[in-house]
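Please examine the structure below together with its sequence. The explanation after it is intended to be read alongside both.

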Amino acid sequence: MIKITPISKVMGAEITGISLVGTTDEDTKSCLRKALLDYQVLVIREQNLTPELQVNFSCIWGKLETPSNIKYTTKETSKVMILSNEIRPDGSAVGVVDGGDFWHSDSSHIEVPSMITILQSVQNPKRGGDTEFCNMTAVYESLPNDLKMKIEGHYGIHHVSKVKNKRVTISPDRPGAKDFYENQAKMRPAVIQPLVLTHPETRQKSLYCSPRFTIGIQGMSEEEADPILDALFARITDRNRSFHYRHKYKENDLVLWDNRCVCHRAVGGYGLPDIRRMHRTVVAGISAYTTRIHSPI
Ligand SMILES: [Fe+2]
């Protein structure tokens with residue numbers, strides 16, 4: 001029997017009484033789909049999926065993205081990306097080391113952003129390694145009317161490269177990261193995304209921007225856009241945590257969230273020899289949410 005229990009007052013539900021090994025029946029699929037729309041973040045306990053089984057489960061939500069950095073995928077399947085701080089004896093990283101260290105919605109920097117992200121907890125550190133989630137629908141609803149009016153109908157400029165973003169820093173723990181981001185600054189275009197996103201299924205409005213990927217507002221000078229972005233980001237990073245749920249992983253947690261109305265970040269707080277390893281699959285968006293490629297900046 002599937003049991004769905006709210007995990008915080010803000011967002012998120014714990015799912016128990018379910019095994020995702022094998023075929024997921026239609027009743028279970030619709031139950032999970034409704035739960036994700038209702039709670040934005042699902043924590044499915046006691047799953048220990050192999051990379052192949054994780055792909056099988058992930059496919060019930062839609063078409064999967066292929067990770068852009070293929071060298072950090074599992075040997076079983078290139079659809080599963082490894083997030084890990086483990087470093088091999090030759091100095092190379094086993095997976096992405098500093099993934100998600102600033103608030104963001106996955107892949108808002110590409111034309112069709114990620115829809116759902118799924119993390120299988122493989123190895124938890126003794127301390128740290130939590131993921132924080134921010135309810136972007138609640139953030140939008142909390143905005144004062146004048147700020148809502150300033151952003152309505154406007155588009156944020158999103159870029160993947162950290163060297164283009166004055167609000168973030170590059171982790172010194174990730175081998176080759178500076179070269180990686182400098183290359184991306186040259187090779188990848190910026191895209192624009194609506195600052196207010198209407199969820200295609202629930203029709204609820206959410207704020208859709210992030211300190212990690214949003215570097216400007218289309219049609220505004222830096223002087224004009226910065227105070228607006230700073231005000232929006234202050235809500236997302238609100239220290240009172242009024243919009244946040246912080247997830248502390250238990251062994252074999254499978255966690256998924258809806259990037260269309262949720263921002264998240266990896267909190268960190270662990271270090272070698274303590275290892276954190278997650279396996280990530282990502283369900284692609286099914287259509288652009290009105291995104292367009294921005295002219296080079
Ligand atoms: Fe992420």
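This is a predicted model: local features need pLDDT of at least 70, side-chain atom pairs count only at pLDDT 80 or more; totals for chains, interfaces and linings use all residues.

Residues are numbered from 1 along each chain as its sequence is written, and side-chain values use heavy atoms, with hydrogens and water left out.

Helices (H or I, at least four residues) and strands (E, at least two) are DSSP runs, numbered from the N terminus. Asp106 counts as buried because its relative accessibility is 5%, and His264 is buried at 5% as well. Buried means under 20% relative accessible area, exposed over 50%, and partly exposed in between (1.4 Å probe, protein chains only).

Strand E14 also contributes to the largest pocket, supplying the largest share of its lining, five residues. This pocket has a volume of about 1200 Å³. Of its 50 lining residues, Leu83, Val96, Asp98, Gly99 and Gly100 are the closest to its centre. E4, E5, helix H5 (177-187), E14 and strand E15 (277-284) each provide at least two lining residues. By class, the lining comprises 18 nonpolar, 19 polar and 13 charged residues. Here Ala, Val, Leu, Ile, Met, Phe, Trp, Tyr, Cys and Pro count as nonpolar, Asp, Glu, Lys and Arg as charged, and the others, Gly among them, as polar.

On a 1 Å grid over the protein atoms alone, a pocket is an open set of points with protein on both sides within 12 Å along at least five of seven lines, whereas a cavity is a set where a 1.4 Å probe fits but cannot get out; lining residues have an atom within 4 Å of a point. Grid points are joined across faces, edges and corners, and a volume is the space filled by probe spheres set on the points. The structure holds two cavities of 30 Å³ or more. Ser105, Leu207, Tyr208, Cys209 and Cys263 are the closest to its centre among the 13 residues that line it. The second largest cavity contains about 40 Å³, and its lining includes Leu36, His199 and Asp258.

Four aromatic pairs are found in the whole structure. Phe57 and Trp61 form an edge-to-face pair, 6.3 Å centre to centre with 80 degrees between the planes. Rings of Phe, Tyr and Trp (its six-membered ring) pair if their centres lie within 6.5 Å; planes under 30 degrees apart count as stacked, over 60 as edge-to-face and the rest as tilted. Phe57 is buried, because its relative accessibility is 1%. Phe133, Tyr245 and Trp257 form one aromatic cluster.
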